[in-house]
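Reader: I'm new to this one and would like a close look at a single part of it. Could you walk me through how the side chains there meet each other?

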Amino acid sequence: MPLKKIFGQLNCTDMERSTAWFAKLFDRSPDEAPMDGLKEWHHGESAGFQLFLNEADAGHGCLTLIVSDIEAELTRLADSGISVGETMAGDTITISQITDPDGNTVVLAQPNTA
């Protein structure tokens, strides 16, 4: 299956509240609102994120974002008012888990370099 683009997606119960939270996470407003109850952030030519208004399924998702400097991102997020978790280092990756307003998990991950 040749893919042109892939989107991660999480469900929310309050679009306005969650849009504001993810705007802080991504450090910018959504790129598109293609239909009622859907916001999109585009990340380069081949990736994106969708926030979908779906009360029944909100709070059960997980999104992993690979970053180049996890400590800088955690500092930026904390400064913007987002509660950040502790970092956990493994053999090949360092992660930190944060929670969106609905209880979905957002994992920031930085591959460890040799």
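Author: Let's start with the aromatic rings. This is a predicted model, and a search of the whole structure turns up 7 aromatic pairs. Take Trp41 and Phe49: their ring centres sit 5.8 Å apart with the planes at 40°, so this pair counts as tilted. Trp41 is buried, and Phe49 is buried too. Ring pairs also join up into a cluster made of Trp21, Phe22, Phe26, Trp41 and Phe49.

Setting aside neighbours within four places in sequence, Asp100 is in contact with Leu10, Trp21 and Phe22. You'll find Asp100 in the loop between strand 7 (93–99) and strand 8 (105–111).

So what does a charged side chain do in there? Asp100 is buried but has no salt bridge. The nearest side chain of opposite charge is Arg17, and that one is 7.0 Å away. A salt bridge needs the nitrogen and oxygen within 4 Å. What the side chain of Asp100 does reach is backbone: the nitrogen of Asp102 at 2.9 Å. The backbone nitrogen of Gly103 is another one, lying 3.0 Å from a polar atom of the Asp100 side chain.

Now follow Asp102, because it is buried as well, with a relative accessible area of 17%, under the 20% cut-off. Asp102 forms a salt bridge with Arg17, and the closest N and O atoms are 3.1 Å apart. That pair links distant parts of the chain: Asp102 is in the loop between strand 7 and strand 8, while Arg17 is in helix 1 (residues 15–26), 85 residues apart. Arg17 itself is partly exposed, with a relative accessible area of 36%.

Stepping back, the structure holds 4 salt bridges. One of them brings together the side chains of Arg76 and Asp27, at 4.0 Å from N to O. Arg76 lies in helix 2 (residues 70–79) and Asp27 in the loop between helix 1 and strand 2 (32–35), so this bridge ties together parts that are 49 residues apart in sequence. Arg76 is partly exposed at 25% relative accessibility, whereas Asp27 is exposed, at 56%.

Another salt bridge pairs Arg28 with Asp31, with the closest N and O atoms 2.6 Å apart. Both ends are partly exposed: Arg28 has a relative accessible area of 29%, and Asp31 comes in at 39%. Finally, salt bridges that share partners connect Asp27, Glu73 and Arg76 into one network.

How values were computed
Residues are numbered from 1 along each chain as its sequence is written. This is a predicted model: local features need pLDDT of at least 70, side-chain atom pairs count only at pLDDT 80 or more; totals for chains, interfaces and linings use all residues. Side-chain values use heavy atoms; hydrogens and water are left out. Helices (H or I, at least four residues) and strands (E, at least two) are DSSP runs, numbered from the N terminus. Buried means under 20% relative accessible area, exposed over 50%, partly exposed in between (1.4 Å probe, protein chains only). Lys and Arg count as positive and Asp and Glu as negative; His and the chain ends are not counted. A polar contact is a pair of N or O atoms within 3.5 Å; within protein, one must be able to donate a hydrogen and the other to accept it, and residues adjacent in sequence count only if both atoms are side-chain atoms. Contact means heavy atoms within 4.5 Å. Rings of Phe, Tyr and Trp (its six-membered ring) pair if their centres lie within 6.5 Å; planes under 30 degrees apart count as stacked, over 60 as edge-to-face and the rest as tilted.
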